[in-house]
Amino acid sequence: MVLVGFMGAGKSSVGAALSSRLGWPFEDLDQRIQTREQRSIEHIFRESGEVVFRQLEHAALRSMLQELGTSAKVLALGGGAFAQANNAALLNQAGITTIFLDAPVEELFRRCQEQPLDRPLRKDLDEFRRLHDSRRPCYLKAAVRIETAGKNVDEVAAEAIASLALR
Ligand code: S3P
(Lines give C-alpha, C1' and ligand atoms only; values in the text may rest on other atoms or scores of the structure.)
Protein backbone atom coordinates (compact mmCIF):
# COMPACT_ATOMS: atom_id res chain seq x y z
CA MET A 1 0.00 0.00 0.00
CA VAL A 2 1.12 3.56 -0.55
CA LEU A 3 0.35 6.55 1.65
CA VAL A 4 -0.23 9.90 -0.04
CA GLY A 5 -1.29 13.32 1.15
CA PHE A 6 -0.02 16.81 1.86
CA MET A 7 2.88 17.82 4.11
CA GLY A 8 1.98 17.08 7.73
CA ALA A 9 -0.53 14.35 6.82
CA GLY A 10 1.40 11.79 8.89
CA LYS A 11 2.53 9.60 5.99
CA SER A 12 5.86 8.65 7.59
CA SER A 13 4.56 8.09 11.13
CA VAL A 14 1.47 6.18 10.00
CA GLY A 15 3.66 4.23 7.56
CA ALA A 16 5.96 3.14 10.39
CA ALA A 17 2.96 2.11 12.53
CA LEU A 18 1.46 0.14 9.64
CA SER A 19 4.77 -1.55 9.04
CA SER A 20 5.01 -2.82 12.62
CA ARG A 21 1.34 -3.87 12.75
CA LEU A 22 1.44 -5.74 9.44
CA GLY A 23 5.04 -6.94 9.62
CA TRP A 24 5.63 -5.45 6.16
CA PRO A 25 8.76 -3.44 5.41
CA PHE A 26 8.34 0.33 5.25
CA GLU A 27 9.98 2.68 2.80
CA ASP A 28 9.79 6.44 2.47
CA LEU A 29 10.29 7.82 -1.05
CA ASP A 30 12.03 11.00 0.18
CA GLN A 31 14.48 8.83 2.09
CA ARG A 32 15.26 6.86 -1.07
CA ILE A 33 15.87 10.10 -2.98
CA GLN A 34 18.22 11.40 -0.27
CA THR A 35 20.16 8.12 -0.16
CA ARG A 36 20.51 8.00 -3.94
CA GLU A 37 21.57 11.64 -4.08
CA GLN A 38 23.66 11.67 -0.91
CA ARG A 39 22.14 15.05 0.01
CA SER A 40 19.04 16.22 1.83
CA ILE A 41 15.74 17.22 0.20
CA GLU A 42 16.42 20.76 1.37
CA HIS A 43 19.81 20.72 -0.39
CA ILE A 44 18.34 19.32 -3.60
CA PHE A 45 15.76 22.14 -3.70
CA ARG A 46 18.36 24.80 -2.88
CA GLU A 47 21.10 23.58 -5.22
CA SER A 48 19.08 22.13 -8.11
CA GLY A 49 15.52 23.47 -7.82
CA GLU A 50 12.10 21.86 -7.79
CA VAL A 51 12.11 20.74 -11.44
CA VAL A 52 15.16 18.56 -10.82
CA PHE A 53 13.70 17.32 -7.53
CA ARG A 54 10.55 16.16 -9.39
CA GLN A 55 12.69 14.27 -11.91
CA LEU A 56 14.62 12.56 -9.12
CA GLU A 57 11.35 11.80 -7.34
CA HIS A 58 9.87 10.18 -10.44
CA ALA A 59 13.00 8.09 -11.06
CA ALA A 60 13.07 6.99 -7.41
CA LEU A 61 9.39 5.99 -7.51
CA ARG A 62 9.94 4.03 -10.70
CA SER A 63 12.83 2.08 -9.17
CA MET A 64 10.91 1.57 -5.93
CA LEU A 65 7.98 0.02 -7.81
CA GLN A 66 10.24 -2.10 -9.99
CA GLU A 67 11.92 -3.56 -6.92
CA LEU A 68 8.59 -4.05 -5.20
CA GLY A 69 7.28 -6.58 -7.68
CA THR A 70 4.50 -8.47 -5.94
CA SER A 71 5.89 -8.17 -2.40
CA ALA A 72 3.86 -6.57 0.40
CA LYS A 73 5.34 -3.28 1.55
CA VAL A 74 4.21 0.02 3.05
CA LEU A 75 5.36 3.02 1.03
CA ALA A 76 5.09 6.71 1.90
CA LEU A 77 5.41 9.41 -0.77
CA GLY A 78 6.44 13.05 -0.34
CA GLY A 79 3.57 15.54 -0.39
CA GLY A 80 3.94 16.53 -4.05
CA ALA A 81 4.54 13.11 -5.57
CA PHE A 82 0.97 11.92 -6.07
CA ALA A 83 -0.01 15.31 -7.50
CA GLN A 84 2.28 14.62 -10.49
CA ALA A 85 0.30 12.81 -13.20
CA ASN A 86 3.27 10.65 -14.26
CA ASN A 87 3.67 9.31 -10.71
CA ALA A 88 -0.05 8.62 -10.30
CA ALA A 89 0.07 6.73 -13.62
CA LEU A 90 3.00 4.59 -12.42
CA LEU A 91 1.12 3.69 -9.24
CA ASN A 92 -2.02 2.82 -11.20
CA GLN A 93 -0.04 0.57 -13.51
CA ALA A 94 1.51 -1.14 -10.49
CA GLY A 95 -1.99 -1.81 -9.14
CA ILE A 96 -0.94 -0.74 -5.64
CA THR A 97 -3.59 0.49 -3.16
CA THR A 98 -3.31 4.25 -2.62
CA ILE A 99 -4.42 5.70 0.72
CA PHE A 100 -4.93 9.44 1.13
CA LEU A 101 -4.36 10.75 4.65
CA ASP A 102 -6.58 13.83 4.87
CA ALA A 103 -6.78 16.65 7.43
CA PRO A 104 -7.90 20.29 7.48
CA VAL A 105 -5.17 22.56 6.15
CA GLU A 106 -4.82 24.47 9.44
CA GLU A 107 -4.05 21.21 11.22
CA LEU A 108 -1.54 20.17 8.55
CA PHE A 109 0.21 23.54 8.93
CA ARG A 110 0.25 23.25 12.72
CA ARG A 111 1.71 19.70 12.58
CA CYS A 112 4.48 20.90 10.24
CA GLN A 113 5.27 23.80 12.57
CA GLU A 114 5.73 21.33 15.43
CA GLN A 115 8.26 19.26 13.48
CA PRO A 116 11.94 20.21 13.20
CA LEU A 117 12.03 19.09 9.54
CA ASP A 118 12.98 21.82 7.06
CA ARG A 119 10.40 21.63 4.25
CA PRO A 120 11.31 23.82 1.26
CA LEU A 121 7.67 24.21 0.15
CA ARG A 122 6.23 25.06 3.58
CA LYS A 123 6.05 28.83 3.58
CA ASP A 124 3.35 30.97 5.23
CA LEU A 125 -0.18 29.67 5.82
CA ASP A 126 -1.63 31.44 2.74
CA GLU A 127 0.92 29.87 0.42
CA PHE A 128 0.55 26.49 2.16
CA ARG A 129 -3.23 26.66 1.72
CA ARG A 130 -2.96 27.64 -1.94
CA LEU A 131 -0.69 24.68 -2.69
CA HIS A 132 -2.87 22.33 -0.63
CA ASP A 133 -6.07 23.43 -2.38
CA SER A 134 -4.50 23.01 -5.81
CA ARG A 135 -3.37 19.46 -4.99
CA ARG A 136 -6.39 18.17 -3.09
CA PRO A 137 -8.29 17.04 -6.23
CA CYS A 138 -5.30 14.82 -7.06
CA TYR A 139 -5.18 13.26 -3.58
CA LEU A 140 -8.89 12.53 -3.83
CA LYS A 141 -8.13 10.16 -6.70
CA ALA A 142 -6.55 7.73 -4.21
CA ALA A 143 -8.51 4.51 -3.68
CA VAL A 144 -9.08 5.19 0.03
CA ARG A 145 -9.39 8.46 2.00
CA ILE A 146 -8.84 8.52 5.75
CA GLU A 147 -9.72 11.57 7.83
CA THR A 148 -6.91 11.95 10.37
CA ALA A 149 -8.03 15.05 12.31
CA GLY A 150 -8.32 14.33 16.02
CA LYS A 151 -6.96 10.78 15.64
CA ASN A 152 -3.66 9.39 16.81
CA VAL A 153 -1.23 7.44 14.62
CA ASP A 154 -2.45 4.04 15.85
CA GLU A 155 -6.08 4.86 15.15
CA VAL A 156 -5.23 5.96 11.61
CA ALA A 157 -3.14 2.83 11.04
CA ALA A 158 -6.02 0.62 12.26
CA GLU A 159 -8.39 2.37 9.84
CA ALA A 160 -5.97 1.86 6.98
CA ILE A 161 -5.78 -1.87 7.73
CA ALA A 162 -9.56 -2.11 7.98
CA SER A 163 -9.91 -0.37 4.62
CA LEU A 164 -7.53 -2.90 3.02
CA ALA A 165 -9.59 -5.79 4.36
CA LEU A 166 -12.72 -4.29 2.86
CA ARG A 167 -11.25 -3.97 -0.60
C1 S3P B 1 7.04 18.15 -0.78
C2 S3P B 1 6.85 17.45 0.40
C3 S3P B 1 7.95 16.82 1.13
C4 S3P B 1 9.15 16.55 0.21
C5 S3P B 1 9.51 17.78 -0.55
C6 S3P B 1 8.37 18.31 -1.41
C7 S3P B 1 5.85 18.72 -1.46
O8 S3P B 1 7.51 15.59 1.72
O9 S3P B 1 8.86 15.52 -0.70
O10 S3P B 1 9.90 18.74 0.38
O11 S3P B 1 5.95 19.04 -2.66
O12 S3P B 1 4.78 18.84 -0.81
P13 S3P B 1 6.56 15.53 3.03
O14 S3P B 1 5.15 15.55 2.55
O15 S3P B 1 6.91 14.23 3.67
O16 S3P B 1 6.90 16.70 3.87
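Predicted model: local features only at pLDDT ≥ 70, side-chain atom pairs only at ≥ 80, totals over all residues.

Analyst: Residues are numbered from 1 along each chain as its sequence is written, and side-chain values use heavy atoms, with hydrogens and water left out.

User: What pattern of helices and strands does the chain follow along the sequence?

Analyst: The chain has 8 helices and 5 strands. Both are DSSP runs numbered from the N terminus, with at least four residues of H or I for a helix and at least two of E for a strand. Read in order, the pattern is β-α-β-α-α-α-β-α-β-α-α-β-α.

User: What is the radius of gyration of the chain?

Analyst: It's taken over C-alpha atoms, and the globule rule to hold it against is 2.2 Å times the number of residues to the power 0.38. For 167 residues that rule gives 15 Å, and the chain comes close to it, so it is as compact as a globular protein of that length. The C-alpha trace spans about 40 × 35 × 25 Å along its principal axes. The radius of gyration itself is 15 Å.

User: What percentage of the residues count as buried?

Analyst: Buried means under 20% relative accessible area, exposed means over 50%, and partly exposed is in between, using a 1.4 Å probe and protein chains only. Of the 167 residues in the chain, the buried share is 46%.

User: Is histidine 132 buried or exposed?

Analyst: Histidine 132 sits in helix H7, residues 125–139. Leaving aside neighbours within four places in sequence, histidine 132 is in contact (heavy atoms within 4.5 Å) with Phe6, Ala103, Val105 and Leu108. Its relative accessible area is 6%, so histidine 132 is buried.

User: Which residues does arginine 54 contact, leaving aside its neighbours within four places in sequence?

Analyst: Arginine 54 belongs to helix H4, residues 50–68. Despite being an arginine, this residue is buried, with a relative accessible area of 12%. Its C-alpha is 9.8 Å from that of asparagine 87, 33 residues apart along the chain. The contacts of arginine 54 are Gly80, Ala81, Gln84, Leu121 and Arg135.

User: What is the phi of glutamine 38?

Analyst: Glutamine 38 is in the loop between helix H2 (29–37) and helix H3 (41–48). At 67% relative accessibility, glutamine 38 counts as exposed. Most residues other than glycine have a negative phi. Glutamine 38 has a positive one, near 55 degrees.

User: How far apart are the C-alpha atoms of alanine 16 and glutamine 31?

Analyst: Alanine 16 lies in helix H1, residues 11–22, and is partly exposed, with a relative accessible area of 39%. Alanine 16 and glutamine 31 are 15 residues apart along the chain, and their C-alpha atoms are separated by 13 Å.
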